[in-house]
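Please read this note with the sequence and the model side by side. The points go from the whole chain down to single residues.

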Amino acid sequence: MKKAYFSKIIVEWYQAAHRDLPWRNTQDPYKIWLSEIILQQTRVLQGLPYYQKFIQNYPTVTSLAEAKEQEVLRLWQGLGYYTRARNLHKCAREVVNFFKGKFPPTFEELRTLPGIGAYTAAAIASFAFRQPVAVVDGNVYRVLSRVFGIDKDIASPAGKKFFSELANKLIPIQDPGTYNQAVMEFGAMHCLPKNPKCETCIFRSNCFAYQHEQQDSLPVKIKRQKITKRYFYYFLIRRGTKILMMRRTKKDIWNGLFDFLLHEEGRPVDPAKIFKKLFPPKRGPKGLLQINKISKSYRHVLSHQVIHAHFIEVDWPSGKDLPALLPSSTAKWFSSKQIENVPKSVLISRFLEDSGIL
Ligand code: SF4
């Protein structure tokens, strides 16, 4: 599809179908800015009464700048995300102090104001000052990726850059504000995340996603899961030639596999301190329990976790009962032959091989 055709047809759709919202009938940058800040993380229906209250109480940016912060926060009450309200107030003051009470007209200058990110700056610059800067938000990603068949990851910096460049190529010089509103409104009302209204769509005959039935797979957003760091302190307890092992029974990694008595911390700790914590003299056989050896640190990488493990070797006096702190009834003394036969994680196998036990 030709880019000029896309821009023309979506603006025509907008003119016929858009919702009549108060901030759309104005070119006043103050009102546009106010509506954009209120609508961040807020649905239109919920934000509308707040917009009206703010305009009523503070009809100009100067009146908002002169208000006390407490009054602004009180009016904002119920919208949540109070940093937005504080930035709103701060921004009004900066407009008054540094720009003589008038919002600057360029994207770059708008970006310097508190609480104004790339999206809001593009919206104000294009709606109020007719600057050809494209807004790029979730609606825009969805519409462009589906219509033009773009499978770049919108969560990646390269994907974001690609969509931003495309959106800026599509924006018409004449009336860029209406075009920006049109793409956003089309994404919000027609090309919906679930069940887009393809049957009645203006792009039906050219839309890549519709033609290839890829509405559900576009846009592409790859979730990156947080990597958790875990610190394992294993106690390799020996009694004669046998070693204490137990089966893992908790809902966690390696469930059902065998390992040693384990203590976990959320941060790195000196293994000797862990030993003292777990085996204070009154709990272990008096005076007999000592650390024989502390292994090097093992780093084991799983898909969403990195485990740092130490193995603390301790001799258990023969004839004494098993440590009372053992969590599991599966704990038993194993010979090296038995250890070889039970299922173990790669981490445990690595350690057993390094230490010559297997
Ligand atoms: S045809 Fe469907 S997927 Fe394509 S732009 Fe229209 S509503 Fe969106």
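1. Helices (H or I, at least four residues) and strands (E, at least two) are DSSP runs, numbered from the N terminus. On that basis the protein has 15 helices and 8 strands. Its radius of gyration, taken over C-alpha atoms, is 32 Å, well over the 21 Å that the globule rule gives for 358 residues, so the protein is more spread out than a compact globule. The globule rule is 2.2 Å times the number of residues to the power 0.38.

2. The model is a predicted one: local features need pLDDT of at least 70, side-chain atom pairs count only at pLDDT 80 or more, and totals for chains, interfaces and linings use all residues. Residues are numbered from 1 along each chain as its sequence is written.

3. Domain 1 covers 3-211 and domain 2 covers 228-354; such bounds come from an automatic or database domain assignment. The centres of the two domains, taken over C-alpha atoms, are separated by 56 Å. The C-alpha trace of the protein spans about 90 × 55 × 30 Å along its principal axes.

4. A residue is buried if 20 or more other C-beta atoms lie within 10 Å of its own, exposed if 12 or fewer, and partly exposed in between, with C-beta atoms placed from the backbone. Of the 358 residues in the protein, 28% are buried. Two residues are in contact if their C-beta atoms, placed from the backbone, lie within 7 Å. Of the contacts with a separation of 6 or more, 65% are between residues 24 or more positions apart.

5. Helix α9 (residues 138-148) has 9 of its 11 residues buried, so α9 is largely enclosed by the rest of the structure. Among the buried residues are Tyr 141, Arg 142, Leu 144 and Arg 146. Their cover includes α1, α10 (157-170), α11 and α12 (208-211). Just after α9, Gly 149 has a positive phi of about 65°.

6. How do α1 and α11 pack? Helix α1 (residues 3-17) and helix α11 (residues 176-189) pack at an angle of about 75°, with axes 9 Å apart. Axes are lines fitted to C-alpha atoms, for helices over the stretch in contact, and angles run from 0 to 180 degrees between N-to-C directions. Angles under 35 degrees count as roughly parallel, over 145 as roughly antiparallel, 65 to 115 as roughly perpendicular and the rest as oblique. The two helices are therefore roughly perpendicular to each other. Residues in this contact include Trp 13 and Tyr 14 in α1, and Tyr 179 and Phe 186 in α11.

7. Helix α8 (residues 118-129) also packs with α11, at an angle of about 130° and with axes 7 Å apart. These two are therefore oblique to each other. Ala 123, Ser 126 and Phe 127 in α8 meet Pro 176, Gly 177, Asn 180 and Gln 181 in α11.

8. Helix α15 (residues 346-354) contains Asp 354, and Leu 347 is also placed in α15. Leu 347 is buried, with 21 other C-beta atoms within 10 Å. Leaving out residues up to four places away in sequence, Leu 347 touches Tyr 298, His 300, Ile 307 and Ala 309. Leu 347 and Tyr 298 are 49 residues apart in sequence and 7.9 Å apart in space, C-alpha to C-alpha. Asp 354 is partly exposed, with 13 other C-beta atoms within 10 Å.
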